[in-house]
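Dear colleague,

I am handing over the structure below, and after it you will find an account of what turned up when we went through it. Please keep the structure open while you read, so that you can look up each residue as it is named.

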Amino acid sequence: MPRTGATTAILAAVLFGLSTPLAKLLVHDLSPWMLAGLLYLGSGIGLGLVRLLTASRQRGERGLRGAEWLWLLAAVAAGGVAGPVLLMFGLTATPASTASLLLNLEGVFTALLAWFVFREGVDRRLVAGMAAIVAGAVVLSWGGPVSLSAGWGPAAVAAACLMWAVDNNLTRKVSLADPADIATIKGLVAGTVTVGIALALGDGPPALPTAAAAMLVGLLGYGVSLVLFVVALRHIGAARTGAYFSTAPFVGGVASLAIFGEPVTLGLVAAAVLMGVGVWLHLTEDHDHEHEHDAIEHDHPHVHDEHHRHHHDGPQDGPVTEPHTHRHRHGRLRHRHAHFPDAHHAHRH
């Protein structure tokens, strides 16, 4: 499961990173706000259509239930509404070079909230890996002198990053539900808000071919990427997922070499080294200690392993090795093994 989480987080970063140079091909025909809105809408509408055309949920996924709707509503309000609005106001009074650097705060805030508010496990190796990845992102986004003299402008950009970090951590609390459902809802809300902002700023309706191209990029780079991001949250928690996802700018930089013929820069090489070290530190993490599981009853996709030893009545009596979903109960258990902050390892350290 840890390898699954790392793999899906990196794939999410790859898809999101590739969407940046592809979006640059469209930015001449659309304003930044309209382009962002269409990217989000493409993810929401595209995933929604996939869900409607899917006769049944795949691999035992389940829908949102009970209090999960409240957590998702709070996540969407933070990341899909407050974040874009704060960013809009912040960019009006913040130099581009400063804003680019400040946007790296999302990964930092995500990790800090995960560690100190939501009590995910942390050690020096994990902190060092996160620092290396963020340093690589800073090198990539460095655009000259940084000015914080504008006061509220940089503060608003930083606040937007905080809202996205809150979104990431709250989404983790609903990550046992179908990731496609979560990504569809978030895409539709964020897209509607951002397109509304674009229209309020005076944008007209985009040309149909341009809008379709932007929405297709959004389906893959925002929609499928977010599905993978939620799967990673399920397995390795918000801090580690956020760290892996912070490699997306490097992917975009490499893709730009091929798409726009941009030269290889010292910054890109330095970022590759720093991010490579950070990812290696995370992949080789060995979080192993004796811990206790409290009794809990819940439902989520699972196979029968050391944490799921229940039996099924009827034809499937005995261990089940295929992913499936049903409500089940875990008894109190104390043992030791390598683990990550998934749904069964939310203990304090």
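**A buried arginine, and the model as a whole**

Arg234 lies in helix H9, where a helix is a DSSP run of H or I with at least four residues, a strand is a run of E with at least two, and both are numbered from the N terminus. With a relative accessible area of 9%, Arg234 counts as buried; buried means under 20% relative accessible area, exposed means over 50%, and partly exposed is in between, with a 1.4 Å probe and protein chains only. A polar atom of the Arg234 side chain lies 3.0 Å from the backbone oxygen of Ala177.

This is a predicted model, in which local features need pLDDT of at least 70 and side-chain atom pairs count only at pLDDT 80 or more, whereas totals for chains, interfaces and linings use all residues. Residues are numbered from 1 along each chain as its sequence is written, and side-chain values use heavy atoms, with hydrogens and water left out.

The protein has 11 helices and 4 strands, and of its 349 residues, 49% are buried. Its accessible surface comes to about 16400 Å², with 67% of that belonging to carbon and sulfur atoms; such areas come from the Shrake-Rupley method with a 1.4 Å probe, and for residues only the protein chains shown count as cover. Among the contacts (heavy atoms within 4.5 Å) with a separation of 6 or more, 85% are between residues 24 or more positions apart.

**Salt bridges**

How many salt bridges does the structure hold? There are 4 of them, a salt bridge being a side-chain nitrogen of Lys or Arg within 4 Å of a carboxyl oxygen of Asp or Glu. Side chains of opposite charge can pair when their charged atoms come close.

One of them joins the side chains of Arg51 and Asp178, at 2.4 Å from N to O. Arg51 lies in helix H2 and Asp178 in the loop between helix H7 (152–172) and H8, so this pair ties together parts that are 127 residues apart in sequence. Arg51 is partly exposed, at 23% relative accessible area, while Asp178 is buried, at 4%.

Another joins the side chains of Arg172 and Glu120, at 3.5 Å from N to O. Because Arg172 lies in helix H7 and Glu120 in the loop between H5 and H6, the pair ties together parts that are 52 residues apart in sequence. Both Arg172 and Glu120 are buried.

The side chains of Lys186 and Asp167 also meet in a salt bridge, at 2.6 Å from N to O, and this pair links distant parts of the chain, with Lys186 in helix H8 and Asp167 in helix H7, 19 residues apart. Lys186 and Asp167 are both buried. Salt bridges that share partners also join Arg51, Asp178 and Asp181 into one network.

**Nonpolar cores**

A nonpolar core is a set of buried Ala, Val, Leu, Ile, Met, Phe, Trp, Tyr and Cys residues joined through side-chain atoms within 4.5 Å. The largest core has 34 residues, and those that touch the most other members are Leu64, Leu72, Trp115, Met130, Ile182, Phe229 and Tyr244. At least two residues of this core come from each of H1, helix H3 (68–91), helix H5 (105–116), helix H6 (124–141), helix H8 (179–200) and helix H9 (208–245); H9 gives the largest share, 13 residues. Apart from this core lies another, of 17 residues, including Leu26, Met88, Val195 and Val217.

Leaving aside residues up to four places away in sequence, Met130 touches Gly107, Val108, Ala111, Trp115, Ala243, Ser246 and His282.

**A glycine in helix H2**

Is Gly46 buried or exposed? Gly46, which has its place in helix H2 (residues 32–53), is buried, with a relative accessible area of 15%. Not counting residues up to four places away in sequence, Gly46 touches Leu41 and Leu219. Gly46 and Gly223 are 177 residues apart in sequence, yet their C-alpha atoms are 7.7 Å apart in space.

With best wishes

Conventions
Polar contact = N/O pair within 3.5 Å; in protein donor to acceptor, adjacent residues only side chain to side chain.
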